[in-house]
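Q: Can you walk me through this one? Start with the core, then the sheet.

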Amino acid sequence: MTDETLSIRFFRGKSEIGKSIIIENLTILDLAEDAGVEIPRNCTSGTCGTCIVKLISGTVPIPDQIPPGLDEYLMNEGGILSCCLYPTTSCEIDITPPI
Ligand code: FES
């Protein structure tokens with residue numbers, strides 16, 4: 001067991017625009033708000049795909065039941081839905097949509 005603090009860093013392209021400490025049960029969207037980073041959103045329930053961002057590094061598990069706002073193609077491009085997914089390691093996120 002480790003007490004290492006996990007952090008999430010947000011980028012727009014190559015520019016870092018914010019950083020936050022990962023808190024259990026907070027979505028990437030919540031953590032972005034903590035960092036003062038604005039990510040567009042609509043449904044906030046995994047359906048519309050508006051909140052898609054790109055995972056640069058780290059682990060964000062995707063449920064077996066893939067949310068409707070995501071598909072295999074987007075996932076292969078690094079796409080994750082910020083409104084309903086949770087990081088489990090420190091990670092870096094590009095808020096620019098993957099496609
Ligand atoms: S806001 Fe609709 S899928 Fe995230």
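Predicted model: local features only at pLDDT ≥ 70, side-chain atom pairs only at ≥ 80, totals over all residues.

Q: How many residues has the largest nonpolar core, and which have the most contacts inside it?
A: The largest nonpolar core holds 21 residues. Ile28, Leu81 and Ile93 have the most contacts inside it. A nonpolar core here is a set of buried Ala, Val, Leu, Ile, Met, Phe, Trp, Tyr and Cys residues joined through C-beta atoms within 7 Å. Buried means 20 or more other C-beta atoms within 10 Å of a residue's own; 12 or fewer is exposed, in between is partly exposed, and C-beta atoms are placed from the backbone.

Q: Which elements supply at least two residues of this core each?
A: β1, α1 (28-34), β3, β4 and β5 each do. Helices (H or I, at least four residues) and strands (E, at least two) are DSSP runs, numbered from the N terminus.

Q: And which gives the most?
A: α1, with four residues.

Q: OK, in what order do the elements of the protein chain run?
A: From the N terminus, β-β-α-β-α-β-β. That is two helices and five strands. The radius of gyration of the protein chain is 12 Å, close to the 13 Å of the globule rule for 99 residues, so the chain is as compact as a globular protein of that length. The radius is taken over C-alpha atoms, and the rule is 2.2 Å times the number of residues to the power 0.38.

Q: How much of the protein chain is buried?
A: Buried residues are 26% of the 99.

Q: Now the sheet. What is the strand order?
A: β2-β1-β5-β3-β4, an open sheet of five strands with mixed pairing. Two strands pair if DSSP finds at least two bridges between them. The edge strands are β2 (15-21) and β4 (79-81), each pairing on one side only.

Q: Does β5 run parallel or antiparallel to β1 (residues 7-12)?
A: Parallel, over four bridges. Ile8 stands opposite Cys91 in β5.

Q: And how does β5 pair with β3 (residues 52-57)?
A: In the antiparallel sense, over three bridges. Lys54 has Asp94 of β5 as its bridge partner.

Q: How many bridges join β1 to β2?
A: Six, and the two run antiparallel. Ser7 has Ile21 in β2 as its bridge partner.

Q: Back to β5. Which residues are on its covered face?
A: Cys91 and Ile93. Glu92 and Asp94 make up the uncovered face of this strand, residues 91-94. In a regular strand, side chains alternate between the two faces of the sheet.

Q: What is Ile93 in contact with, leaving aside neighbours within four places in sequence?
A: Ile8, Phe10, Phe11, Ile28, Val53, Lys54, Leu55 and Ile56. Contact means C-beta atoms, placed from the backbone, within 7 Å.

Q: What about Ile95: buried or exposed?
A: Ile95 is buried, because 21 other C-beta atoms lie within 10 Å. Ile95 is found in the segment after β5. Beyond neighbours within four places in sequence, Ile95 is in contact with Phe10, Arg12, Val37, Ile39 and Val53.

Conventions
Residues numbered from 1 in each chain as written. Contact = placed C-beta atoms within 7 Å.
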